[in-house]
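This briefing is meant for a reader who is meeting the structure for the first time. Please keep the sequence and the 3D view at hand while reading the points that follow.

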Amino acid sequence: MLHVTYCTHTAARSWISIEWNATNRIVSAAAVMTKECTSKGCKAPMPPGLVDEGLCLLHYTLHIEEECAAIRRETALGNTSHDRQMELFRQVADRGDVLVSVATSGFTMSDEMKARVLSTLLTLMNTRENMDRSAMRQSAMRRFA
Ligand SMILES: [Zn+2]
């Protein structure tokens, strides 16, 4: 008996699982739905590494970009508490971890998506750098106050 699962759609939205018996007769065929992104109107599949986030790769990168913009706004004035700063450092590092592990997991991506992943990583790196700079400015200002 042979058991084959193949994609019925280029975006890998649904899969069909087919079983043949020894005389090449199909004994069962079932559509297996992969989980879809929870972002409104988006039907893209979620890579296994993003199931916890509930987002497809595109929406995960958009989510990170928004978060980074919020972090920059929050830390720009340089009056973030030490604890909050540590929390944000962790958040930036965690997002990078997940993004890299999905991108290198063998999940099929277009060249455009690969470029988007790289630019989101750059955003994370720049956000971290910005936070360090404003923290340094803050401590320099305290010294001269
Ligand atoms: Zn999506």
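Predicted model: local features only at pLDDT ≥ 70, side-chain atom pairs only at ≥ 80, totals over all residues.

Two residues are in contact if their C-beta atoms, placed from the backbone, lie within 7 Å. Read in that way, and leaving out residues up to four places away in sequence, Cys-56 touches Cys-37, Cys-42, Ala-44, Pro-45 and Met-46.

**Overall layout**

- The chain contains three helices and three strands, and along the sequence these elements follow the pattern β-β-β-α-α-α.
- Of the 145 residues of the chain, 17% count as buried.
- When contacts between residues at least 6 apart in sequence are considered, 42% of them join residues at least 24 apart.

**The largest nonpolar core**

- The largest nonpolar core has 17 residues, and within it Leu-50, Leu-55, Cys-56 and Tyr-60 touch the most other members.
- Two or more residues of this core come from each of helix H1 (57-75), helix H2 (82-103) and helix H3 (111-144), and H1 gives the most, with five residues.

**H1 against H3**

- Two packed helices are described by the angle between their axes and the distance between the axes.
- For H1 and H3 the angle is about 15 degrees and the axes are 10 Å apart; because angles under 35 degrees count as roughly parallel, H1 is roughly parallel to H3.
- H1 passes H3 in a left-handed crossing, and the residues that make the contact include Leu-57, Leu-58, Ile-64 and Ile-71 on the H1 side, with Met-113, Val-117, Leu-124 and Met-131 among those on the H3 side.
- Sorted by class, the contact of H1 with H3 has nine nonpolar, seven polar and three charged residues.

**H2 against H3**

- H2 and H3 pack at an angle of about 165 degrees, again with a stated separation of 10 Å between their axes; since angles over 145 degrees count as roughly antiparallel, these two helices are roughly antiparallel to each other.
- The crossing of H2 past H3 is left-handed.
- On the H2 side, Gln-85, Leu-88, Val-92, Arg-95, Gly-96, Leu-99 and Ala-103 take part, and they meet Val-117, Thr-120, Leu-121, Leu-124, Thr-127, Arg-128, Met-131 and Ala-135 of H3.
- By class, this contact of H2 with H3 has nine nonpolar, four polar and two charged residues.

**Val-102, a residue in H2**

- Val-102 lies in helix H2, and it counts as buried because it has 20 C-beta neighbours inside 10 Å, where the cut-off for a buried residue is 20 or more.
- Leaving aside neighbours within four places in sequence, Val-102 is in contact with Pro-47, Gly-49, Leu-50, Leu-57 and Phe-107; of these, Leu-50 is also one of the core residues that touch the most other members.
- Val-102 and Val-117 are 15 residues apart along the chain, and their C-alpha atoms are separated by 9.8 Å.

**Ser-81, a residue in a loop**

- Ser-81 is found in the loop between H1 and H2, and it counts as exposed because it has 8 C-beta neighbours inside 10 Å, where the cut-off for an exposed residue is 12 or fewer.
- Although Ser-81 and Ala-135 are 54 residues apart along the chain, a distance of 9.8 Å separates their C-alpha atoms.

Definitions and conventions: Residues numbered from 1 in each chain as written. Core = buried A, V, L, I, M, F, W, Y, C linked by C-beta atoms within 7 Å. Helix = DSSP H or I, 4+ residues; strand = E, 2+ residues; numbered from the N terminus. Axes fitted to C-alpha atoms, helices over the stretch in contact; angles between N-to-C directions. Parallel < 35°, antiparallel > 145°, perpendicular 65-115°, else oblique. Left-handed = near helix turned anticlockwise from the far one by under 90°. Nonpolar A, V, L, I, M, F, W, Y, C, P; charged D, E, K, R; others polar.
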